[in-house]
Amino acid sequence: MNLPTPMTELDAPPASRARANLLKRLADVVCLPLSRINAFERAMTADLLADMLREAEPAERKKVAHRISGLAEIPATLARLLLRDEVDVAEELLLNAATLSDADLLDCARLMNLEHRRLIALRRGVSEVVCDVLIEFGEVLVLECLLKNDEAKLSTGGIEAVVALTRGDPRLTTMLLRRPELRPAHAYVLFWWADAEARRAILQRFAVSREVLQEATSDIFAMAAAEHWQEPLSRKALQFIERRQRNRAAVDRSPYDNLEAAVAAAADGLSREVAEEISYLSGLKPMTGAKIFTDSGGEPLAILCKATGLPKSAIRALWRGLKREETEADGSPSGALERAILVYDMIAVDRAQTVLRYWNWSLTSALTPALLRAIRDGDEDGFDEYSAPQKAAMLAFSKDFGR
């Protein structure tokens with residue numbers, strides 16, 4: 001029995017000249033100006049062309065994609081078909097078709113793969129809604145392209161999502177710090193897990209003076225005092241704005257004569273009780289103080305000392321009280337302690353107070369039972385219902401609650 005001879009490349013049928021030319025002509029018709037073809041004729045031709053492209057070779061589809069990429073209005077059937085194609089074909093439109101709609105891009109982002117989303121992130125003028133969907137996938141390669149894209153528009157929600165993702169990938173932090181959309185609420189949360197260089201950048205950029213606020217509200221303090229500070233909304237805001245950092249009223253209830261005495265006591269060992277007392281005397285809530293004292297870097301201690309008018313030596317006293325090493329294994333000074341002292345020297349008192357009060361406001365002002373429950377349970381479905389300080393608290397304390 002004679003078996004048939006296998007077909008070789010030499011025996012394969014030649015590419016159809018008719019099909020290649022027909023695809024080209026149909027693409028030419030689709031690209032005709034409105035003065036030469038009406039909308040119905042264009043739509044009919046586009047439907048016919050799309051039907052042929054479904055069975056065409058990738059090289060043929062790529063040629064058509066290149067041909068129509070410059071159109072002011074790409075027929076929806078063609079855009080959808082070619083954007084859902086392999087990346088070599090879709091790339092022609094994703095990089096060169098300026099008129100693709102958000103609907104087209106969202107469809108491609110949701111249905112296709114990482115490389116398609118990376119190309120979308122490289123486009124000029126990526127809208128907020130498209131950026132939000134790209135961020136949802138949490139793909140570092142895509143996020144890097146998006147953060148480097150100066151013409152991409154990131155929403156507040158998108159920035160918050162990226163801030164949370166930086167905890168798992170520090171490479172994103174430097175790029176995020178370049179974004180103009182980043183606000184103090186985002187930066188002061190990011191600070192807690194940022195490295196030393198990023199922390200320094202955050203303090204240099206966001207540790208601003210409150211002088212304008214203080215001048216604008218100088219007469220409001222007397223009004224609030226006359227009302228015995230009973231209105232909670234204005235009281236909380238004025239506590240952020242006022243010049244005085246220490247809590248004078250806390251001294252009357254404290255076992256220590258002043259903040260300096262509490263810090264001196266802490267040098268022998270910083271117990272929870274002493275840490276809470278220092279927090280109260282510094283005008284902080286205990287949770288903010290706990291975050292500062294448990295931070296592995298020295299920068300928050302420096303901010304606390306500078307903002308409250310403590311001398312530089314207080315940093316070393318608190319350092320010893322926390323039982324931290326003052327030297328490295330090779331005998332050189334502790335890098336973390338040196339960074340703390342550098343921050344103390346570089347930041348002005350008023351700016352240090354801004355940072356400290358922002359931490360106190362953003363990390364504790366809205367720690368309601370519902371928020372604490374959301375932090376513990378990882379319930380982010382209702383994230384948008386929380387205020388800015390609530391979101392800041394959720395991000396900063398999620399790790400502390402086992403998230």
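Select Phe 191 and Trp 192: both are buried (under 20% relative accessible area; exposed is over 50%, partly exposed in between, with a 1.4 Å probe and protein chains only). This is a predicted model, where local features need pLDDT of at least 70, side-chain atom pairs count only at pLDDT 80 or more, and totals for chains, interfaces and linings use all residues. Residues are numbered from 1 along each chain as its sequence is written, and side-chain values use heavy atoms, leaving out hydrogens and water.

Rings of Phe, Tyr and Trp (its six-membered ring) pair if their centres lie within 6.5 Å; planes under 30 degrees apart are stacked, over 60 edge-to-face, the rest tilted.

Phe 191 lies in the loop between helix H12 (184–190) and helix H13 (196–206), and Trp 359 in helix H24 (residues 349–364), so their pair ties together parts 168 residues apart in sequence. Helices here are DSSP runs (H or I, at least four residues), numbered from the N terminus. Trp 359 is buried, at 0% relative accessible area.

Zoom out. The whole structure holds seven aromatic pairs. Phe 191 and Trp 192 have ring centres 5.8 Å apart and planes at 90°, so they sit edge-to-face.

Next, select Tyr 188, Phe 206, Phe 240 and Tyr 358: one aromatic cluster.

Last stops: charges over rings (NZ of Lys or CZ of Arg within 6 Å of the ring centre and within 35 degrees of the ring normal). Arg 117 lies over the face of Phe 137, 3.8 Å from the ring centre. Arg 324 has its charged end over the ring of Trp 319, 5.2 Å from the centre.

Methods: Helices (H or I, at least four residues) and strands (E, at least two) are DSSP runs, numbered from the N terminus.
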